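Please read the report below alongside the sequence and the coordinates.

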Amino acid sequence: MQRDGLVERHVVAATPVQVEYRLIPEGHDLEPVLDAIIAWSHTWIPPARPGPGPEP
């Protein structure tokens, strides 16, 4: 997404180093599209079921 110009990468000088990604205007323009995909997935993709726990 960074390469495609949808987000900016910011490195925060902290210990440990933190990296933040922020949408730029072109990325914000995708919000209605992503909302539509999320709505579609809630209709057609069943929720994930929890898997078996770790073996003792």
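Is Q18 buried, partly exposed or exposed? Q18 is partly exposed because its relative accessible area is 40%, where buried means under 20% relative accessible area, exposed means over 50%, and partly exposed lies in between, computed with a 1.4 Å probe and protein chains only.

## Basis of the model

This is a predicted model, in which local features need pLDDT of at least 70 and side-chain atom pairs count only at pLDDT 80 or more, while totals for chains, interfaces and linings use all residues. Residues are numbered from 1 along each chain as its sequence is written, and side-chain values use heavy atoms, with hydrogens and water left out.

## Overall architecture

The secondary structure of the chain consists of two helices and two strands, these being DSSP runs numbered from the N terminus (H or I of at least four residues for helices, E of at least two for strands). Along the sequence their order is β-β-α-α.

The chain has a radius of gyration of 18 Å, whereas a compact globule of 56 residues would have one near 10 Å; the radius is taken over C-alpha atoms, and the globule rule is 2.2 Å times the number of residues to the power 0.38. The C-alpha trace spans about 40 × 35 × 15 Å along its principal axes. Of the 56 residues, 9% count as buried. Among contacts (heavy atoms within 4.5 Å) between residues at least 6 apart in sequence, 3% join residues at least 24 apart. The accessible surface of the chain comes to about 5,300 Å², and 61% of that area belongs to carbon and sulfur atoms; such areas come from the Shrake-Rupley method with a 1.4 Å probe, and for residues only the protein chains shown count as cover.

Strand β1 (residues 7–12) pairs with strand β2 (residues 18–23) in the antiparallel sense, over six bridges, and strands are said to pair if DSSP finds at least two bridges between them. As background, most peptide bonds are trans.

Q18 belongs to strand β2, and V12 stands opposite Q18. Apart from neighbours within four places in sequence, Q18 is in contact with H10, V11 and V12. H10, in turn, stands opposite E20 in β2. R9 lies in strand β1 and counts as partly exposed because its relative accessibility is 42%. Leaving aside neighbours within four places in sequence, R9 is in contact with Q2, V19, E20 and Y21, while the C-alpha atoms of R9 and P32, which are 23 residues apart along the chain, are separated by 23 Å.

L6 is located in the segment before β1, and L6 counts as buried because its relative accessibility is 18%. Not counting residues up to four places away in sequence, L6 touches M1, R22, L23, I24, E26, G27 and L30. The C-alpha atoms of L6 and Q18 are 20 Å apart in space, although the two residues are twelve apart in sequence.

## Charged pairs and a nonpolar patch

How many salt bridges does the structure hold? There are two, a salt bridge being a side-chain nitrogen of Lys or Arg within 4 Å of a carboxyl oxygen of Asp or Glu. One joins the side chains of R3 and D4, at 3.6 Å from N to O, and both of these residues are exposed. Another is formed by E20 and R22, whose closest N and O atoms are 2.9 Å apart. E20 counts as partly exposed because its relative accessibility is 32%, and R22 likewise counts as partly exposed because its value is 41%.

On the surface, L30, V33, L34, I37 and I38 form a nonpolar patch, with about 410 Å² of accessible area together. Patches are made of residues with over 30% relative accessible area and no salt bridge, like charges being joined within 9 Å and nonpolar side chains (Val, Leu, Ile, Met, Phe, Trp, Tyr) within 5 Å. I37, one of the patch residues, is placed in helix α2 (residues 31–44).
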